[in-house]
Amino acid sequence: MEKVAAAAGLLPSLRFIAVLAVVSWTPFIYYHFSVLNDRSLLGHGSDDSGDPCRGRYIYVHDLPPRFNADILRACRKTSDHWPDMCGFVSNAGLGGPLVDRADGVLTGEAGWYGTHQFALDAIFHNRMKQYECLTNHSAAADAVFVPFYAGFDFVRYHWGYDNGARDAASVDLTEWLMGRPEWRRMGGRDHFLVAGRTGWDFRRGTNINPNWGTNLLVMPGGRDMSVLVLESSLLHGSDYAVPYPTYFHPRSDADVFRWQDRVRSMQRRWLMAFVGAPRPDDPRNIRAQIIAQCKASSACSQLGCAFGSSQCHSPVNIMRLFQKATFCLQPPGDSYTRRSVFDSMVAGCIPVFFHPATAYLQYTWHLPREHAKYSVFIPEDDVRAGNVSIEATLRAIPAANVERMREEVIRLIPAVIYADPRRKLETVKDAFDIAVEGIIGRVARTRGGATVDESMPADDDDDTSLLQYAMARSRFRQKQAKQAL
């Protein structure tokens, strides 16, 4: 009888242990088998050599609309400081179709749109919706995309608001993300988003100007993700430069090949061309000297972009000039980089750079490391000091070299354009494809324990020297780096 009572007394303890065991093992078993099931469903099993998406799967967070769609619906909110943005976000972010009244080449039917230079948030998101290797199983994803429209959010609250308002959506986003199971898997290091402006626009806390931009890339959560920007800050390993949107958004491989053939056959009337406005408030900017040299040369043509001029607001005029020039001058503007670099390359015009951070240190996924293959470099210090003739420098390049450089620029056209998000290219890789490959490669290296700052090729002495040169002249450098530089 005593044994029966003792055994009965043990039953509650045994039940407790059993319940505890179930509670403890259930998450492990669920995770283990869900991951196995995910990978089996998606071809990630032991024999997935035939899976074309192996190593390319992307999971897209289903964000609340306040982080993207609602931001676009408020596109007129910027009208007191910027033109109405609603037209620029139409057609999946491409803007309105162009109308070419001269020869009917640059039209919407041919893939040409009045795309805003800061419209990449929407364009990239819409391209991602067509990506062939999306997955609904986050555990099987090789990277996780966050469709937050950071660039458009910047515009909403930049003028006339305090820093709390500027950061509100970013704080809301990071709190939302860090509460998700997908985040906890790698602490956000497999996440990426697109912020279609310069990296400095999202690093207010480290900028010299304490009132410029948001703190998205500095705050907890934001600094853990990879971010695709139009211009990298160069000092950080989490933001990666991708090309500015151009006006050309082909719908098929044939559109790309047809355009490449056209620019290859163009007669280049001008030795050099420049499209841009002077920067009289910046004494170190060399645009005034470039404009002066262009005006003094019969071999140079330019479109004036001074305040009140409409020449630079006509995509057709801009592209027509670039198609007629052999070299296109690309000095820094408000920041190092320029949308004009990519517009000119699409036209088959060889870019001439004056600062290494305008392209060489930025677009390492999209442009060749051998800079001389596709561009010319003239140090800005020489231009500023009046020690160099741009025309004489360009005329000194042998004709055979010019032809090779132009052909390389034409070859690179697909790498610097974003195809129409509503269509799919068949075999051609565009800027979107290359950026996605770059992000997935970075995540894979992070999983493997890599800690190298991949925003810069750190092992290359030439690139290290270029970086030191660039940062010594930066108007946006970190506050704590001011004295060291």
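These questions and answers walk through a predicted model of one protein.

User: What is the mean pLDDT of the protein?
Analyst: This is a predicted model, where local features need pLDDT of at least 70, side-chain atom pairs count only at pLDDT 80 or more, and totals for chains, interfaces and linings use all residues. Residues are numbered from 1 along each chain as its sequence is written, and side-chain values use heavy atoms, leaving out hydrogens and water. pLDDT is the predictor's confidence in each residue, from 0 to 100. Here 79% of the residues reach 70 or more, and the mean is 84.

User: Over which residues is the pLDDT below 50, with 22 contacts in the model?
Analyst: A contact means heavy atoms within 4.5 Å. Where pLDDT is low, the predicted coordinates should not be read in detail. The 22 contacts, beyond near neighbours in sequence, belong to residues 452-461.

User: What is the order of strands in the open sheet?
Analyst: Strands (E, at least two residues) and helices (H or I, at least four) are DSSP runs, numbered from the N terminus. Two strands pair if DSSP finds at least two bridges between them. The open sheet has 5 strands with parallel pairing, in the order S7-S6-S8-S9-S10.

User: Which strands stand at the edges?
Analyst: An edge strand here has a single partner strand, so one side is left without a neighbour in the sheet. The two are S7 and S10 (376-377).

User: At about what angle does helix H13 run to S9?
Analyst: Axes are lines fitted to C-alpha atoms, for helices over the stretch in contact, and angles run from 0 to 180 degrees between N-to-C directions. Helix H13 (residues 399-412) lies across S8, S9 and S10. Its angle to S9 is about 100°.

User: Is Val 242 buried or exposed?
Analyst: Val 242 sits in the loop between strand S5 (239-241) and helix H7 (253-264). Not counting residues up to four places away in sequence, it touches several others, including Leu 120, Tyr 363 and Ala 435. Buried means under 20% relative accessible area, exposed over 50%, partly exposed in between (1.4 Å probe, protein chains only). At 1% relative accessibility, Val 242 is buried.
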